[in-house]
Amino acid sequence: MSSPTTTAEAPTAPTARRGRRAGGGLGRYILVRFALIIPTVWILMTVVFFLMRITGDPITAALGGRLTPDQLAERRAAAGYDRPLLVQYLDYLGSVLRGDFGTTYTDNTPVATVLATYGAATAELVVYSVIVALVVGVPLGMVAARFRDRWPDAVLRVGAILGYATPVFFVGLLLKLVFSVQLGWLPVAGRISSRGELTMGRITNPSPSYLLDAIRLGDGGLIVDVLTHAVLPAVALGLLTGGIFLRLVRTNLIGTLEMPYVDSARSRGVSEVRLATRHALRPALIPIVTVMGMQIAMMLGGAVLTETTFEWKGLGYMLAQYMQARDYVAVQGIVMMLAVIVAVSNFIVDVIAALIDPRVRY
Amino acid sequence: MSAAAPHSTPSGGADGTRYAADGTRSAVDGARLEAGARPEADASAARLSIRDLGITFATDGGDVRAVDGVSLDVDPGRILAIVGESGSGKSVTARSILGLLPETATQSGAVLVSGTDVVGLSGARLRAVRGEDVSMVFQEPSSALNPVFPIWWQMGEGLRAHDPKITRKQIRAKAVESLRAVGIPDPEERIDRFPDEFSGGQKQRIMIAMALSLGAELIVADEPTTALDVTVQAEILELLRDVRDRFGTSIIVITHNMGVVADLADEVAVMYAGRIIERADVRELFAHPREEYTRKLLGAVPHLGGDSAWTALSTAEQEAIEAAEPVVVAKDLVIEYPGRLGRPAFRAVHGVDLMIRQGEVYGLVGESGSGKTTIGRTIAGLEKATSGSLRVLGHEMIGISERAFKPVRREIGFVFQDPATSFNPHLTIEECIAEPLVVHERGMSARDRTARVRSLLESVELPGDYARRFPHELSGGQRQRVSLARALVLNPTLLIADEPTSALDVSVQATVLELFRQLQAELGFAALFISHDLAVVDSLAHRIGVLYRGELVESGHGPDVLHRPTHDYTRRLIASLPVPDPVEQAERRRVFQKNWGDRVD
Amino acid sequence: MTVSNPLPPGEESLAQDMELEAEGALVAQDAQAPWFARLPLVSHLRRSVGLQRAMLVVGLALTAALLLTALLAPIIAPYSFSATSADGQDFGTQLPLGSPGHLLGTTVSGFDVLSRVIWGTRTAVAVMACAVVASLFIGVLLGLVSGYVGGWLDRILVMLADAVYAFPSLLLAIVMSIVISGGQSSAWGGILAAAISITVVFVPQYFRVIRAEVVRLKAEPFVEAAKVVGTGHGRIMGTHLLRNATRTLPLIFTLNSSEAILTLAALGFLGFGIEPTSAAEWGYDLNRAMSDATSGIWWTGLFPGLAIVLSVLGVTLVGESINDLNDPRLRTRRPARRRSGSVTAATAATSATAAASSPAAKEARA
């Protein structure tokens, strides 16, 4: 037989396996998986830091040309950019450990504050889009798997490919053209109308979410205002991810529908619908959840484009603004924060996947 | 069906006579009787009646007729074995009974399950038959159970399908009941566990329990013991027989194993190329096979103790082997696999001593997890030995470097188990066989290599023009011959064969084994022959070693091991191997039952 | 059907065997075909039917159109990508659809939309080619070595690749483009910057796929057979592993090509692409068209957008079809009843034919 570490001659005595579910296995898995976040973030941090410093320091990038060489050197010395790279790197690591991701040059705000101010908007957008993606992708993926190779499947697959092939900003443009410009149903851009913003200003301790605040104010018009602004961005970003979810569900469900245990349940009289929705779906969920988690992280990338398209003032929008202003401390800071968020969300997803799968491995 | 045939198995009295015999089980029996209560008229009719069944598959290469004009009857409480080699259509026939054929199949004829024709049946009416009238036990118990649901839930799915109003509590009670009936210990606690937490044999018991819980009067078992070790196989066969005796269940068992047939079946149908070519009572079939194919099939089955390789040698030959130089010497050999992430290392082999002499065939027998493959791989330098001593062709393997071992490699040939994956699909047969020459005989001209390949193909009895073919164009048996050719291309001193015939059909296995025997006699290489099948090993090996959980519990010449085993495990192994003779097997089973009958896995 | 008694293969190894078996079947099938029919796309086309064939054909047509347009851009395009005037006369800005001399109108900066769309194919194809080829070589090499050698090197590379892979690729591409070009550039500078940014994102993908295949194949008996014989590492990697591990490459190749186009467009859209005077780039044009949209000028955005969609669609369709055709589970089961069977049917049937006709039966009779 093949590799002994995988299958060949491991003991199969039930005693060897007993009690693993009781706690040790899962707890251990979560611990190990959690510990893995640290190297992931550290690697990204290091890679991004050194890459961005290869080309020079942020001050020269932001202000070079506008200052005399002497002034520039003075500013660089003041910020510590004249020290050896390694010292700067350790210094950077130290401040990140204290939660300090740097201060932007253009508006002199700590990156952490930028995140606190605009993070909620992005989170809101991602949540809406995930809902759209789940609602579109999962049921349609199940339909495609069920009617595999027949016309519903063909239509859905081509639709999913089309969704993948269309850049989110182009979808945004088309949606705007149709629903805002032509039909005038929905607002063109932004998170809220200017009138709504005034109303919102009345709230004493605003929460990061416009929707929550609107609900707190109990202002029906405001709630509608906030929601209508969210429709197009959420659909633009959600459809893209929905297409990916659809394919994901379809492929994995087709895979598990052919497993012997499905045939085995079928041989006991279980109905086809139940086979697809329970017996095949649950095992298929394990890879689906893992990849979905990864996709949600990837949505942060798509959010940059969506937010720019719809002038949705979130992290992605700000990132694009700072990029245009060549404020690379801000860019680096935001990218690093996002890296942490991605790593943590991947961890959560892996734990969920492990909870679904009784065969916790590791 | 020859209904007049008397019940011949000693344990199988008339239906129902054993119901009250076992006090602890009577509660279950009662419940089962209630659930399975049917009109009197039904019970006397055939449980299954197949009439002129034809099944055709649409494939890339056009229509393929997999089953052709098959007719069968199974009476209540009878066990029918359908036996045949791969491609005979036996599994397809079995699946058609439950309407489990893929969409590309078209059927003709009739399959009457308790009077209902399932051919052309679909939807709710087909589902009503599935599980309740006929249930299926699959070959791979590990993949036939859903890994992410607890056992009771999976059992409940079948129950719920036939009785939507059943409560969770009833399901759990029923699950406990049926698990107890198949001998799973602590069923109350274990119904909440997941399939992964049971051994292979227990999983197969659970599959049978599922069939019982639905009250199926007919169980179709497709190679139910093929994936299991022989000792576990014996227990599962015993369980199936017990189920029949207690509940009057009819069983169709699909198998390629003549031992299983002899052990379990009342009647046998032999299938070949989609047709039933012979059908008879089991004793009749083994004693007087009518068809040429049946005779050949029976002849190809190695019979335990039938032809020992050691007794076949002349005294002079025996003495010559006994006096020959050792090729492999293991002393207190320990092999461990390092544990991952701080887990303790897994010790696959514990302190094994063995010696293989020049020209001797050493047969290593054991079940899965016994460490037999590990030992073979370590001798070939594919794994590292941990401690003790292992000398291969004069080289100590503990701590040897690849560079130092490389010249030794030309003296070792290796034949792998699976003919499907033993060859690089992108290389021709010639390139495959010539690979060792390319590595070790750098000066050899291309023409000489071709000539050598041709002569080897000849000696493994394959046509020379196969050299230009790709592995996939050859059958499994042919590929194993090529594998043998590749192993022998450098005239090695030692050949290691790891289950070389276990993936092959019986008749093919016989020819490959015969070829191996001839070549060994001719070329005189020493060999380590690894197998799970004691009968195969005995027919080939001069000396037999029995491995159990990483320890060599027994070793000696064939007749000594088979007739005077010293270790209890060896005795159990010998007793649990079914022999292809129903009369002898009935007696063996009685012995097995007496000594090991109360064991569960 | 005749799987042996001992060592029941786990699900994984069962699936593996099937893959290898399928690979062998394709090799054997192709062996009888003339050489041109063995070429990747041609052999796929021969094997395809029904919807899969339609997808493949449409994909191939769109991709061919993309490549041809890129090749013939100077001939087809009415103007240069950077022209705002011809014969000393300015085009005028935001001309509507169907204006004389400007079939698709002009942009807010006075570029001819049709010309920019046509010239844009060149940029897209150039970035695609550079990025995919570079990441292919680096990724395959690293994956092969890492998977084969194993140990610490493997662990470190896997961790690195996983970290990069888990990160939103666009953000990484942004960082890379800042590093490489400082965010603005000439034609080739911009193309290379985009290509390298994309390469950094793609290398981990190739690495993961190839490494996984190598790790799987390394345990296969045919590789062990080579080890037992004493075959050198180079030969094992080259002859045995690489040739069998590259089966999935056409798929990633096409998927990455389409992703390269999308990433390039996204960078351009964010203003990190190529200057409009250096080369035509659809993402940049779309960026400029966003403000047009609010005033109802739709043609400046629609056509570059459609160009992106059609290019990506073509390449993706090719990739999808190849994937289906290579995967035995996806390929064999099609509704076309005359031509195909399900997996179980196919196996049952092949063994049936094997028994009835060819080698196995001969053997049985021998």
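The model is a predicted one, so local features need pLDDT of at least 70, side-chain atom pairs count only at pLDDT 80 or more, and totals for chains, interfaces and linings use all residues. Residues are numbered from 1 along each chain as its sequence is written, while chains are lettered from A and ligands numbered from 1 in the order in which they are written.

Helices (H or I, at least four residues) and strands (E, at least two) are DSSP runs, numbered from the N terminus. Across residues 1–44 of chain B the pLDDT is below 50, and this stretch has 41 contacts in the model beyond near neighbours in sequence; a contact here means C-beta atoms, placed from the backbone, within 7 Å.

Chain B also has an open, mixed sheet of 6 strands, in the order β6-β7-β8-β3-β9-β10. Strands pair if DSSP finds at least two bridges between them. Because β6 (134–137) and β10 (275–281) of chain B each have a single partner strand, one side of each is left without a neighbour in the sheet. Elsewhere in the sheet, β3 (residues 79–83) and β9 (residues 267–272) of chain B run parallel over 4 bridges, with B:A81 bridging to B:V268 in β9(B).

As for chain C, the count is 15 helices and 2 strands.

Conventions. pLDDT = per-residue confidence, 0-100. Contact = placed C-beta atoms within 7 Å.
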